[in-house]
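Hi,

Here is the structure I said I would pass on. My notes on helix packing and on cavities follow it.

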Amino acid sequence: MTAPARSDDDFARRVQAFERIHAGADSRELVANLATRAEFLDGGERRYPVSVDDGDVGGNAWVCSPRTTYGDYASEEAVRYAPPAAAPLLRAAGRGLDGWLRRAGIDRAVAINNWWLSTNLYPRWRPGSAARLLRGALQRWPDHAVWLRSLNRDQHADWLAECEALGFALIPSRQVYLFRDVAALAQRRHNLRIDLKLAARQPRRVRDADIGADDYARIAWLYQRLYMDKYSAFNPRYGERFLREWHRAGLLRFDGFRDEAGQLICIAGVFGFGGTLTTPIVGYDTALPQPLGLYRLLTATTFERAIAGGDTVNFSAGAAGFKRLRGGEPSIEYSAVYARHMPARTRRALAALSLLTRRVGVPIMRRFGL
C-alpha cells in the first residue's frame with residue numbers, strides 16, 4: 001500500500017473512532033464548556049467530522065465558537081500581553097467586540113474537519129476537495145457559514161489556494177510553531193538536545209500502555225490546572241470521560257511522569273496522522289517547583305515520538321520563545337470562512353474581522369513572536 005493510501009486509511013479510522021464517541025452524544029457530557037453538535041460530511045473521497053453551532057451560546061469553548069475565538073479569547077490574550085495600564089480600555093473594547101460579533105450572528109457556523117481540538121490536522125489535499133465540501137455543507141446547512149480552521153501556508157497551501165479561489169475569506173487566528181525533521185533539529189539545537197537527554201534520564205516514566213483506569217481523572221485535573229486555571233476558561237474543559245474514550249479509541253496517546261508515590265505529575269496527550277503530530281492535552285501540577293522542568297519533559301516526549309516516526313510536530317501557539325530556541329518555525333494559522341450566502345450583517349462582520357486580523361493582528365503576532 002502506498003504512503004498516501006495509508007494516510008487516507010489512517011484518517012478514515014480516526015473519523016470512525018470520533019463518530020463512535022461523539023455522534024448523538026451531548027457535547028457537554030464530554031467537554032463541560034463546549035456546546036456543539038457532531039455531524040459528518042462526505043467529501044466524495046473522504047468523510048469528515050463537522051461541528052454544527054446555531055449561535056449565541058455565551059462562554060462556549062473557542063475550538064467551536066468563532067465568536068469566542070475572535071472576541072472573548074482574543075480580548076483576554078490582548079490583556080495578558082498588554083501593559084497593565086491598558087487593561088481597562090482593552091476589556092471595554094473586548095465587551096464591545098463581543099457584542100458586535102453576537103449581533104452579527106458569527107456563531108451560526110459549521111466547521112468542517114473540526115476535531116474539537118486546538119489544532120486540527122488535515123488529510124492530503126486533492127483537487128476539488130474544498131469545492132466538494134463546500135457544496136455538501138451548503139446543501140445540508142444553508143443558513144450557516146462554512147468554516148475550516150487550523151490552516152497554515154506551510155502545510156496547507158493547496159487547501160488555502162482552493163478556498164481563496166472559491167471565495168472563502170481568510171481570517172488569521174494565531175501563530176503556530178512547526179518542527180520538521182526533528183532528528184536533524186536535535187543535532188543543531190542545544191536546548192532540544194538537552195531536553196531529550198533530560199527526559200531519557202528520568203525515572204518513573206509513563207508510556208501510553210501504562211495509563212490505567214485510575215489515571216484519567218488525574219489527567220483531567222492536570223490539564224485543567226494548566227489550560228483552564230493558568231491560561232483561559234475559554235479553552236475546552238476536557239473531562240475524564242472524553243480522555244478515557246479518546247485514549248481507548250486510539251485518538252490520543254499519552255506520555256508522562258509519576259512521582260515517588262506513583263501519582264502522575266505531568267502528562268501529554270498526542271493526536272496525529274498523515275505525518276504530523278500535535279499535542280492538544282498538556283498538563284502538570286503547577287504547584288510543583290519550576291526547576292523540575294515539567295513542560296520541558298513533556299515536549300521532549302512528543303519530540304521523541306516525532307523522531308521515531310519521522311513526523312512533523314505542530315506545537316500550536318504559545319511559549320514562543322521556548323519553541324523558537326528549539327527550532328520551531330513560526331507560521332500564521334488561518335480560518336477559511338465562506339459566508340456569501342449569509343445575511344449582510346454577518347458578511348460585513350467577517351470582512352471587517354479578516355481585514356483587522358490581517359492588518360493589525362498578524363503584525364502584532366510577528367512583532368512580539370506570539
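I take contact to mean heavy atoms within 4.5 Å. Helices are DSSP runs of H or I with at least four residues, strands are E runs of at least two, and both are numbered from the N terminus. Bear in mind that this is a predicted model, with pLDDT of at least 70 needed for local features and 80 or more for side-chain atom pairs, while totals for chains, interfaces and linings use all residues. Residues are numbered from 1 along each chain as its sequence is written, and side-chain values use heavy atoms, without hydrogens or water.

First pair: in α5, Ser129, Ala130, Ala131, Leu133 and Leu134 touch Trp159, Glu162, Cys163 and Leu166 of α6. That contact has 7 nonpolar residues (Ala, Val, Leu, Ile, Met, Phe, Trp, Tyr, Cys, Pro), 1 charged (Asp, Glu, Lys, Arg) and 1 polar (the others, Gly among them).

Among the residues involved are Leu192 and Asp195 of α8, and Phe303 and Glu304 of α11. By class there are 10 nonpolar, no polar and 3 charged.

As for the lining of the largest cavity, β2, α3, β3, β4 and β11 each give at least two residues, and the lining splits into 9 nonpolar, 7 polar and 3 charged.

Cheers
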